[in-house]
Amino acid sequence: MEKMNDHLKPSHSVSAGAATEKWEEASTGIRTVETMLRLAPVGLCVAALVIMLKDSQTNEYGEVSYSSLSAFRYLVHANGICAGYSLLSAAIAAMPGSSSTMPRVWTFFCLDQILTYVVLAAGAVSTEVLYLAYKGDDAITWSDACSSFGSFCHKATASVIITFVVVCFYVILSLISSYKLFTRFDPPAIVDSNKNVEVAVFGS
């Protein structure tokens, strides 16, 4: 029995080493793609933020600015946070071995998910405000505003469209971080006190 175990140990070590080497090769390509995908939203977020910050219009009907609408203020803050996180995460992702530890991979996974929903929420709520601005609401006798403040609406629309492009990038980043987490590391295990065996959390 001991001889059989001795024969199994070298083959197990070779297979583990080959798997590690294969992962490292794949990891280099993934790291390059991930770094570029994390850098791209920086410029987009800044563009959406600047367009919205400069979005104001004054005419004979009055004055309107992005700061008058909480949805647009939220969009500005969301894009600012996203730009900062994208730049920082790109710098970390570009470092060799940046995905070698479980805490770091889990951190990327969680923050990517959070940022995706934060930016998506900003785009969604701003889209709703723009829809009302373009269409109005007859039920509450709220007339459309974009017929009077066309320039304001056009700039706001451009900012919202750019924000949704950022969402697309973060959906891809969330998939990549999920792939890196669930293929690189085994699922956490819990001990069944009744049977005294470890059971994987995922799929239980």
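How many helices and strands make up the secondary structure of the protein chain? In this predicted model, in which local features need pLDDT of at least 70, side-chain atom pairs count only at pLDDT 80 or more, and totals for chains, interfaces and linings use all residues, the chain comes to four helices and four strands, where helices (H or I, at least four residues) and strands (E, at least two) are DSSP runs numbered from the N terminus. Residues are numbered from 1 along each chain as its sequence is written, and side-chain values use heavy atoms, with hydrogens and water left out. From the N terminus on, the order of the elements is α-β-β-α-α-α-β-β.

The accessible surface of the protein chain amounts to about 12300 Å², with 65% of it belonging to carbon and sulfur atoms; such areas come from the Shrake-Rupley method with a 1.4 Å probe, and for residues only the protein chains shown count as cover. Of the 204 residues, 33% count as buried, that is, under 20% relative accessible area, whereas exposed means over 50% and partly exposed lies in between (1.4 Å probe, protein chains only). Contact denotes heavy atoms within 4.5 Å, and among contacts between residues at least 6 apart in sequence, 73% join residues at least 24 apart.

Not counting residues up to four places away in sequence, Phe152 touches Asp55, Ser56, Gln57, Val64, Ser65, Tyr66, Leu69 and Phe72.

Helix α1 (residues 2-53) holds Met36, and Glu34 also lies in helix α1. Glu34 is buried, with a relative accessible area of 2%, and, leaving aside neighbours within four places in sequence, is in contact with Ala93, Leu173, Ile176 and Lys180. Met36, by contrast, is exposed, at a relative accessible area of 54%.

An unreviewed UniProt entry places the feature "transmembrane region" at residues 36-54, 74-94, 114-134 and 154-176, with the caveat that annotations may be inferred rather than shown by experiment, while positions follow the numbering used here and feature names are shortened. In the model, residues 74-94 are 95% helix and 0% strand, and their end C-alpha atoms lie 30 Å apart; residues 114-134 are 100% helix and 0% strand, with end C-alpha atoms 30 Å apart.
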